[in-house]
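Please keep the sequence and the structure in view while reading.

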Amino acid sequence: MKSLRNLLDKMKPTFEKGGKLSMFRSVFEGFESFLYVPNETSRRMGAQIHDAVDSKRIMIMVVIALVPAMLFGMYNVGYQHFLAIGQLETAGFWAIFGYGFLAVLPKLIVSYLVGLGIEFTVAQFKGEEIHEGFLVTGFLIPLIVPVDCPLWILAIATAFAVVFAKEIFGGTGMNIFNVALITRAFLFFAYPSKMSGDAVWVRTDSVCGIGDGKLVDAFSGATPLGQIASSTADTMPQLMGVNGQPITYLDAIFGFIPGSIGETSIIAIALGALLLLVTGIASWKTMLSIFVGGGLMAFIFNISGMQTPAATTPWYWHLVLGGFAFGAVFMATDPVTSARTETGKYIYGFFIGAMAIIIRVLNPGYPEGMMLAILLMNVFAPLIDYFVVQRNISKRAKRIAKTVDNK
């Protein structure tokens, strides 16, 4: 590592002002700070504390927390494919995982190429350091889209989100909305046929010679939430897999169901959540209050007497279907767009969980619910913090006044 450090120090003057490659200074600084903690602080004057863990290290830790969901998502993509074509029993582990890996990898590459390309360009144009926020956003985007989402559409959506949800607000740390969710929202409203229906969640063609085959007669790629939303029954329908067999609650826990690439496995998401909580990067208050709010609202609908499939779906099913758990762990806890006061985190999370279930139950056109709930509460997060702070100020003022009067 010392030789690498010496090499970077030798190359640095070339990229500094007056050097031959000074126009790429932001690129070099971004690469250098990715490898080593900067020895400079963000402020040039005044007392401050310089922590050894900078924002890039935090972002990398979040990416590591996302790896279990990514790996299982790749496996599940292959699993659903071979299940759909009736060849699951003859396919080995590596064939299943290899199919999913080759199907997901291009989406990850496109997400980073487009997003980082825009951020590098903006940084060079403005003469600023490259923001590190897209390290996480670029990893999140492929996990929250269907496996059959075309790459060119994903590229357009990523570019739109980075430019209009981040850069125009000032870059990392200044955006109001979660950038990854804006990408999904753009896809949902601009290309609805690529984000809903039965055909987008399970890929059935071959990838680099892996897979392909004749579909079984019972094939249906609808997600469990999609099946609930499209049902005409008065109660929750029997959820079915792509091979026509019933989906059990354990299937939903493990993640062997159709859905967005990284959102299906509760176990994989829980592993990521554990890492985020142990390292103190994410707030347990936000996570817990989302599940409490969602579970309570779903239970209220369960006992309300409303006879619709979504309203009669047991509350514990709502918490494991769709992107509810993934959103609670990785989206709602975004430190930039979520509430920052400790009391505000409870309020913010509770309303996200409750609103997600309300949208699912009352508007079948948006069976997921979690995306819109988080984006809506992104808007109200600053207001929640404002009232929490003002309440604390008022309580302290009254306490001081009371103390003065007693004297």
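## Confidence of the model

The model is predicted, and its chain has a mean pLDDT of 86, with 85% of the residues reaching 70 or more. Confidence is lowest in helix α2, residues 25–35, where the mean is 56, and highest in helix α11, residues 284–303, where the mean is 97.

Over residues 43–52 the pLDDT stays under 50, and for this stretch the model has eight contacts beyond four places in sequence.

## Overall architecture

The chain contains 16 helices and zero strands. Of its 407 residues, 47% count as buried. When contacts between residues at least 6 apart in sequence are considered, 71% of them join residues that are at least 24 apart.

## Packing of α5 against α7

Helix α5, which spans residues 134–143, packs with helix α7, which spans residues 179–190, at an angle of about 35°, and their axes lie 8 Å apart; the crossing of α5 and α7 is right-handed.

On the α5 side the contact is made by Thr137, Leu140 and Ile141, which meet Val179, Ala180 and Thr183 of α7. Sorted by class, the contact of α5 with α7 comprises four nonpolar residues, two polar residues and no charged residues.

## The covered helix α14

Helix α14, residues 324–331, is mostly covered, since eight of its eight residues are buried.

## Glutamine 227 in α8

Glutamine 227 is located in helix α8, which covers residues 224–230. Is this glutamine 227 buried or exposed? Its relative accessible area is 14%, and because the cut-off for a buried residue is under 20%, glutamine 227 counts as buried.

Leaving aside residues up to four places away in sequence, glutamine 227 touches Ala222, Pro237, Gln238, Leu239 and Met240.

## Cysteines

The structure holds zero disulfides.

Methods. Residues are numbered from 1 along each chain as its sequence is written. This is a predicted model: local features need pLDDT of at least 70, side-chain atom pairs count only at pLDDT 80 or more; totals for chains, interfaces and linings use all residues. Side-chain values use heavy atoms; hydrogens and water are left out. A disulfide is a pair of cysteine sulfur atoms within 2.5 Å. Helices (H or I, at least four residues) and strands (E, at least two) are DSSP runs, numbered from the N terminus. Buried means under 20% relative accessible area, exposed over 50%, partly exposed in between (1.4 Å probe, protein chains only). Contact means heavy atoms within 4.5 Å. Axes are lines fitted to C-alpha atoms, for helices over the stretch in contact, and angles run from 0 to 180 degrees between N-to-C directions. A crossing is left-handed if the near helix is turned anticlockwise from the far one by less than a right angle, and right-handed if clockwise. Ala, Val, Leu, Ile, Met, Phe, Trp, Tyr, Cys and Pro count as nonpolar, Asp, Glu, Lys and Arg as charged, and the others, Gly among them, as polar. pLDDT is the predictor's confidence in each residue, from 0 to 100.
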